[in-house]
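Here is a protein chain to walk through.

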Amino acid sequence: METLNGKLALVTGASRGIGAATAMALAKRGAHVVLTGRDVKALEKVEDEIHGSGGASTIAPVDLGEPDGIARLASAIAGRWDRLDALVISAAYLPTLTPVTQVEPKQFGQAITTNILATQALLAAFDPVLKRADVGRVIGLTSSVATEPRAYWSAYAATKAAFETLLDCYAQEVERISEVKVAIVDPGATRTSMRAKAYPGEDPKTVKPAEIVGERIANLLTEDFSTGHRERVVNSS
């Protein structure tokens with residue numbers, strides 16, 4: 001297993017699901033992981049698991065929807081470390097599945113804030129420290145509905161399509177002026193609370209656990225992938 005010793009990684013949405021699994025997989029490989037999310041107790045639980053396994057992490061509770069939250073986080077990280085080796089954007093918000101004509105405005109607004117506006121703010125705030133790494137890497141977690149629209153998924157699909165566009169544009173903008181590389185990963189069907197919300201009647205044991213996705217993302221961060229890389233995680237990863 002390739003190591004990430006000495007690397008610094010920031011994982012958003014690290015309190016549960018794929019974000020938590022990714023953070024633990026990165027720490028297992030030797031990275032110091034900054035865990036961010038809104039649920040302090042859940043973040044502390046993930047940190048305890050990392051430390052219990054001999055890993056290193058720091059919790060940084062942040063609501064990505066707060067106007068100055070991301071800027072404060074970036075300032076704190078830049079003040080303590082000289083660079084950021086990896087930014088994993090896992091946090092996302094799934095509105096209630098409804099027809100386009102019945103999308104609830106408040107939920108749609110939250111999806112726009114979390115899935116689009118926060119993504120732009122993260123890229124803007126962490127661009128300087130990513131560029132100071134030997135090879136800064138950005139991994140964005142997406143969904144198949146971003147490129148394959150599905151009935152009733154409009155609010156989430158639209159924001160994830162914009163999410164992918166932001167990452168693709170950023171990848172092209174920094175490709176020739178830095179060593180920053182960007183990848184977009186579709187986890188596929190995964191056993192998370194978000195999946196349970198979308199498919200309440202599904203037996204969770206029929207889909208892969210979040211740990212498989214976390215391990216794949218950790219492995220990807222040890223590989224020399226080309227910027228703009230895309231992949232879908234399958235159960236055999």
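The questions below go from a strand residue to helix packing and then to salt bridges.

Visitor: What kind of model is this, and how are residues numbered?

Guide: Residues are numbered from 1 along each chain as its sequence is written, and side-chain values use heavy atoms, with hydrogens and water left out. Local features need pLDDT of at least 70, side-chain atom pairs count only at pLDDT 80 or more, and totals for chains, interfaces and linings use all residues, since this is a predicted model.

Visitor: Is Thr36 buried or exposed?

Guide: Thr36 lies in strand β2, residues 32-36. Helices (H or I, at least four residues) and strands (E, at least two) are DSSP runs, numbered from the N terminus. Buried means under 20% relative accessible area, exposed over 50%, and partly exposed in between (1.4 Å probe, protein chains only). Thr36 has a relative accessible area of 1%, so Thr36 is buried.

Visitor: Which residues does Thr36 contact, leaving aside neighbours within four places in sequence?

Guide: Contact means heavy atoms within 4.5 Å. On that basis, Thr36 touches Leu10, Val11, Thr12, Gly13, Ala14, Leu43, Ala60, Pro61, Val62 and Leu73.

Visitor: Are α4 and α5 roughly parallel or roughly antiparallel?

Guide: Axes are lines fitted to C-alpha atoms, for helices over the stretch in contact, and angles run from 0 to 180 degrees between N-to-C directions. The axes of α4 (residues 105-131) and α5 (residues 154-174) come within 9 Å and cross at roughly 15°. Angles under 35 degrees count as roughly parallel, over 145 as roughly antiparallel, 65 to 115 as roughly perpendicular and the rest as oblique. That makes α4 and α5 roughly parallel.

Visitor: What classes of residue make the contact of α4 with α5?

Guide: From α4 come residues including Phe108, Ile112, Ile116 and Leu123; from α5, residues including Tyr156, Phe163, Leu166 and Tyr170. Ala, Val, Leu, Ile, Met, Phe, Trp, Tyr, Cys and Pro count as nonpolar, Asp, Glu, Lys and Arg as charged, and the others, Gly among them, as polar. The contact has 14 nonpolar, four polar and two charged residues.

Visitor: How accessible is Gln120?

Guide: Gln120 is found in helix α4, and Gln120 is among the residues in contact with α5. Gln120 is partly exposed, with a relative accessible area of 43%.

Visitor: How many residues of α7 are buried?

Guide: Helix α7 spans residues 210-220 and is mostly covered. Among the buried ones are Ile212, Arg216 and Leu220.

Visitor: Which residue forms a salt bridge with Asp186?

Guide: Asp186 is buried at 12% relative accessible area. With the closest N and O atoms 2.6 Å apart, the partner is Arg232.

Visitor: How many salt bridges does the whole structure hold?

Guide: Asp82 and Arg83 make one of them, at 3.6 Å, N to O. There, Asp82 is exposed at 54%, whereas Arg83 is buried at 17%. A search of the whole structure finds 14.

Key:
Salt bridge = Lys/Arg side-chain N within 4 Å of Asp/Glu carboxyl O.
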